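Subject: Structure handover

Hello,

Here is the structure I promised you. Please open it and keep it beside this email as you read.

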Amino acid sequence: MGAWPTLTEKVEEPMRKYRFLGPAMVAVLALAACGPSEPGASGGGDGGAADLEEGDGSILVTSLWGGAEEAAFQEVLAAFEEASGITVEYEANRTDYQSVIRTRLQGGNPFDVAIIPGVGFFRQLATEGSLIPLSDLGIELADIEGQFAPGLLDYGNVDDVQYAFMAKLNGKASIFYSPDRFTDLGVEPVETWDDLVALTDDIKAAGGTPWALGAGDSWTLTDWFEIMYIKEHGVEAYDTLFSAEGDWTDPTVAATIDRMTSLLTEENIDGGVEGSLATLFVDAIAKVFGTSPSAELYFGGSFVGGIATGVDVNPDLAGQEGTAIDWFPFPTIDGAGDGLVTFGGDQIAAMVADTDTAEFLEYMLSTEAAEVWAAQGTVYVPNTNVDPSTYPTVIMQKDAELINAAEAIRFDGSDLLPGGDLGAALQSALRGEDMGPVLEQLQTDVSTAWGSQ
């Protein structure tokens, strides 16, 4: 990737922006400048970079992001506009994202760039030919794979064609706690499952309540299951389970659920099981980090830190990362699982093949763009070239270090499934229901959904 100018550098002449593109992109733009051409083929990468049309100097980008995420992304867009001279219009579609994209596609007026949550919808768009292969934009897989954690680019690949890459993600391997209160309780972070069980008992013995759980949002339970399953049974088993070949009646599934519910018991959870099933995840975070905390541990994604220190929980914690709030990685299980991380994230893909869109995606792959974004402190940018110190809080710096050093990183499993309700099944497990029939029904529902893909 070529170097991009900083916000303070001026664009001194119209063609200056092209100086910062990699060799492949330079070739693309030279070919495009030779004259009009047909749009790049969007189904299988056969069109080639030579098919790119000259852009009109503007692009339209859409995603789900609003609030702090949108504000941070706008800083990245401003940096791109300054560096390239291309105007970017951003459109957030937070409640009807898929339908808006579908409507524009049917009307022959797609967004130039879509940032897509969930692998299922992305696969649909790629399979039907609504996305442009990166190679058609002059971006080759071999040139970018070194800047992503192992396995991360796989989620942007459909039928051996690379259509997308992760724009941002949140690790889901963190147990949050208060270092100050741990000191008061005489306990410390742990590295193994057995020690996590012992920590839970020690907190109770010291008069505290170990865990807060927002099981009313059932996806929080799927996060628990996923990190435990991959650490207990390994990457290959995880990949199989969350694929069309997965078997939810396999004994490994019940084994992980049994281990999970052996920790998340009536006496270990603030409010007990039924109380947790009536608690949403933000309220559960507040049980650990609110102004009147009632529990000591919360497992969740790296976004928990931002919520805990935000207006919805306890803004007074902002600036106290590392003392009043911190996290440690989810422990190994039976000596396995070190370096394995689950995550949720959004992918970026082109829906129009022209030089402006190609240049934008090239920029989004650059270290410079990632550094602008990382400095905002709202999301983890999956570019391993970014120094973790770029992030403004110790919580995010540690998350960057964890993901950058990961042996393997795997997408949120429940988001990979085309159907079935894993969260509801895990709520049943938490209640102590017989999981045999529940898992059989889940297998039927998931198999049916895969069959309809």
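Below is what was found, from the overall picture down to single residues.

First, the ground rules. This is a predicted model, in which local features need pLDDT of at least 70, side-chain atom pairs count only at pLDDT 80 or more, and totals for chains, interfaces and linings use all residues. Residues are numbered from 1 along each chain as its sequence is written, and side-chain values use heavy atoms, with hydrogens and water left out.

**Overall picture**

The protein has 19 helices and eleven strands. Helices (H or I, at least four residues) and strands (E, at least two) are DSSP runs, numbered from the N terminus. Of the 453 residues, 56% count as buried. Buried means under 20% relative accessible area, exposed means over 50%, and partly exposed lies in between (1.4 Å probe, protein chains only). Accessible areas come from the Shrake-Rupley method with a 1.4 Å probe; for residues, only the protein chains shown count as cover.

Now look at contacts (heavy atoms within 4.5 Å). Among those between residues at least 6 apart in sequence, 74% join residues at least 24 apart. Leu137 and Leu361 are 224 residues apart in sequence, yet their C-alpha atoms are 8.6 Å apart in space. Leu137 sits in the loop between helix H4 (119-127) and helix H5 (141-144). Leu137 is buried, at 0% relative accessibility.

**Salt bridges**

A salt bridge is a side-chain nitrogen of Lys or Arg within 4 Å of a carboxyl oxygen of Asp or Glu. The count by this rule is twelve.

- Arg102 and Glu128 meet at 2.5 Å, N to O. Arg102 lies in helix H3 (residues 97-106) and Glu128 in the loop between H4 and H5, so the pair ties together parts 26 residues apart in sequence. Arg102 is partly exposed at 23%, and Glu128 is partly exposed at 42%.
- Glu296 pairs with Arg181, with the closest N and O atoms 3.0 Å apart. Glu296 is in the loop between helix H12 (281-289) and strand S8 (298-300), while Arg181 is in helix H6, 115 residues apart. Both Glu296 and Arg181 are buried.
- Lys204 pairs with Asp201, with the closest N and O atoms 3.7 Å apart. They are three residues apart in helix H7, about one helical turn.
- Glu69, Lys168 and Asp346 are linked in a network of salt bridges.

Most residues other than glycine have a negative phi. Asp159 has a positive phi of about 55°, and Asp160 has a positive phi of about 65°. Asp159 is in the loop between strand S4 (157-158) and strand S5 (161-162). Asp160 is in the loop between S4 and S5. Asp159 is exposed at 66%, and Asp160 is exposed at 74%.

**A charged patch**

Which residues form a negative surface patch? They are Glu191, Asp194, Asp195, Asp338 and Glu407. Patch residues have over 30% relative accessible area and no salt bridge, and like charges are joined within 9 Å. Asp and Glu count as negative. Glu191 is in the loop between helix H6 (179-185) and helix H7 (193-205). Glu191 is exposed, with a relative accessible area of 65%.

Best wishes

Conventions. Patches are made of residues with over 30% relative accessible area and no salt bridge: like charges are joined within 9 Å, nonpolar side chains (Val, Leu, Ile, Met, Phe, Trp, Tyr) within 5 Å. The place of a charge is taken as NZ of Lys, CZ of Arg, CG of Asp or CD of Glu.
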